[in-house]
Amino acid sequence: MKLLLVSPPFGEKGQKSKGLPIAPPVLEYLAGLTMQVRPDVSVQLIDANKETFDPETAEADLIGFTVLTPQAPWVYRMSDRLRAMGKQVVLGGIHVTALPEEAAQHADAIVLGESEEIWGGLLDDARKRQMKPIYSGGFPELNNLPRPVTNLWNTSYVYGYFQTSRGCPHRCTFCSVHEFFGGKVRVRPIKEVVDEVAASKRHLFWGIDDNVWGVNMNYTIELYKEMGKNLSGKSWFGSGDLVSVDHPRSEELLTNARKAGLTAVLVGWESNNLGSLEEYKANNKQARVRRDAIKKIRDHGIEVMLFMMIGGRQDRPEDYEGILKLCDDLKVSAHPVMTTPFPGTQLYQIYKPHLVPGYDWDMFDGNNAVFESDVPGMTREFREDSIVKLRAELFTIPRILSRIPQISWKGFPMSHITSWMIQYPQGRAFKQFAKEREAMKLRGEI
Ligand code: B12
């Protein structure tokens, strides 16, 4: 049996993308899972950000799409065309799990939640063309997970990935993770993670855990010690919180993190606006503690970048300038996204009465204002223009260069190189995006 797995494009509303330097983790993982549970199935992967996906020429007995919210309209169009030609389609991922009734209209089968426990049975059913409409995955233990399959791509990537845990006890209102993966953090056996990364031909990785410091300090420190001992010439970046760094064992944590190859961490600052922080219920602390944590991480030779949300219903026009000022004060970079209430989150329920009617899910991509704000001046146009301007200003060459020396020499050279590799291409992409948006405005397209 032939299985074709597709990672959808990131944007269609004028946000052109040449794809990321990161191989789509879910496809490499599902390829590995297929080989583990049904090794006789042949697998093909397509990253539709980098190559064209044409439903007319897709040759497979089963075609699977992974779906994030902004990708849903494209996936639904493709799957409708495939099904009209008699081809079997399965959909999975966060958006499908959040809105199963919607997704089921466009698929022969949908997978809710994690797929490890149901994938083999689904493939058997697909072989007989007798798939059930819904397969529910649950929260499997993370032992003996398959390794990502990296040699099926037609395109090339700089970064691979590894994952050590799933689940999060925090209940930040904007985040899908608690609902999707559950509140209990499940971890993989340390040896399995270390052996997997050691065996990979790749050298650069994205640790895709929601929190690289974990919520289990003992596990994380042990993991980092083993990575430090067994992996040489491998480095990685990931996402984390700032609260864990204000911990009695933080010295041990950070020293071992650097030895484990961690070069940069993208931390949730979320917002400068206290009303927004309250609304997001983010696991965050006072500004001074957060500032100290950033310094502490960089003093250990690990670069820091801030995740910011802006344009929420509590935010004010001056908050855009506030982000730039904060970044200049701390000489740190930030990745601002438009506050977006994703289906299945608590924020979606809070913002539902204010959503712009008639918007499809492709607008929910972190660039568009998808709800109205009552705050004076915070029109949709102002919010969309301001985030584009802010992103372009955040990554000027002098700003990028002023940030890199803030990382201690302990991380030299990989953390300094990573800082450049994260900032420079982002700055170029944001400037290009600002130009394209300006041109579209002049042509009256937006
Ligand atoms: C890696 C990642 C990315 C990568 C790659 C995404 C990709 N397509 O490969 C990049 C950087 C591109 C990315 C972008 C975005 N992301 Co993202 N990302 C993640 C992250 C950190 C890990 C996802 C992952 O690859 N996991 C590893 C794989 C193996 O596991 P998995 O995806 O959970 O898949 C399992 C099941 O879901 C299922 N499954 C999934 N797909 C399929 C498909 C089939 C056919 C089957 C059978 C099963 C199946 O099987 C797997 C094994 O059990 C998650 C956080 C998280 N904890 O999930 C956020 C997350 C998925 N991202 C999120 C968001 C919001 C975004 C952005 C919209 C951010 C933004 N700009 O605001 C953009 C989307 C861009 C766009 N326009 O499309 C949200 C999802 C919200 C939503 N409703 O869609 C998450 C959950 C983060 C969060 N905290 O809320 N992201």
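Gly 261 follows helix α9 and has a positive phi, near 100 degrees. Helices here are DSSP runs of H or I with at least four residues, and strands are runs of E with at least two, numbered from the N terminus. Helix α9 itself spans residues 250-259, and its buried residues are Ser 250, Leu 253, Leu 254, Asn 256 and Ala 257. Buried means under 20% relative accessible area, exposed over 50%, and partly exposed in between, with a 1.4 Å probe and protein chains only.

The model is predicted: local features need pLDDT of at least 70, side-chain atom pairs count only at pLDDT 80 or more, and totals for chains, interfaces and linings use all residues. Residues are numbered from 1 along each chain as its sequence is written, and side-chain values use heavy atoms, with hydrogens and water left out.

The ligand is surrounded by 37 residues, where a residue is near a molecule or strand if one of its heavy atoms lies within 4 Å of it. The closest are Phe 10, Thr 66, Thr 69, Ser 115 and Asp 210. An N or O atom in the Ser 115 side chain lies 2.8 Å from a ligand oxygen, and one in the Asp 210 side chain lies 2.9 Å from a ligand nitrogen. At Asp 365, a polar backbone atom is 3.2 Å from a ligand nitrogen. Helix α1 (25-37) is among the elements that supply at least two shell residues, and its four residues are the largest share.

Glu 196 lies in helix α7, residues 190-199. Glu 196 counts as buried because its relative accessibility is 6%.

Key. A polar contact is a pair of N or O atoms within 3.5 Å; within protein, one must be able to donate a hydrogen and the other to accept it, and residues adjacent in sequence count only if both atoms are side-chain atoms.
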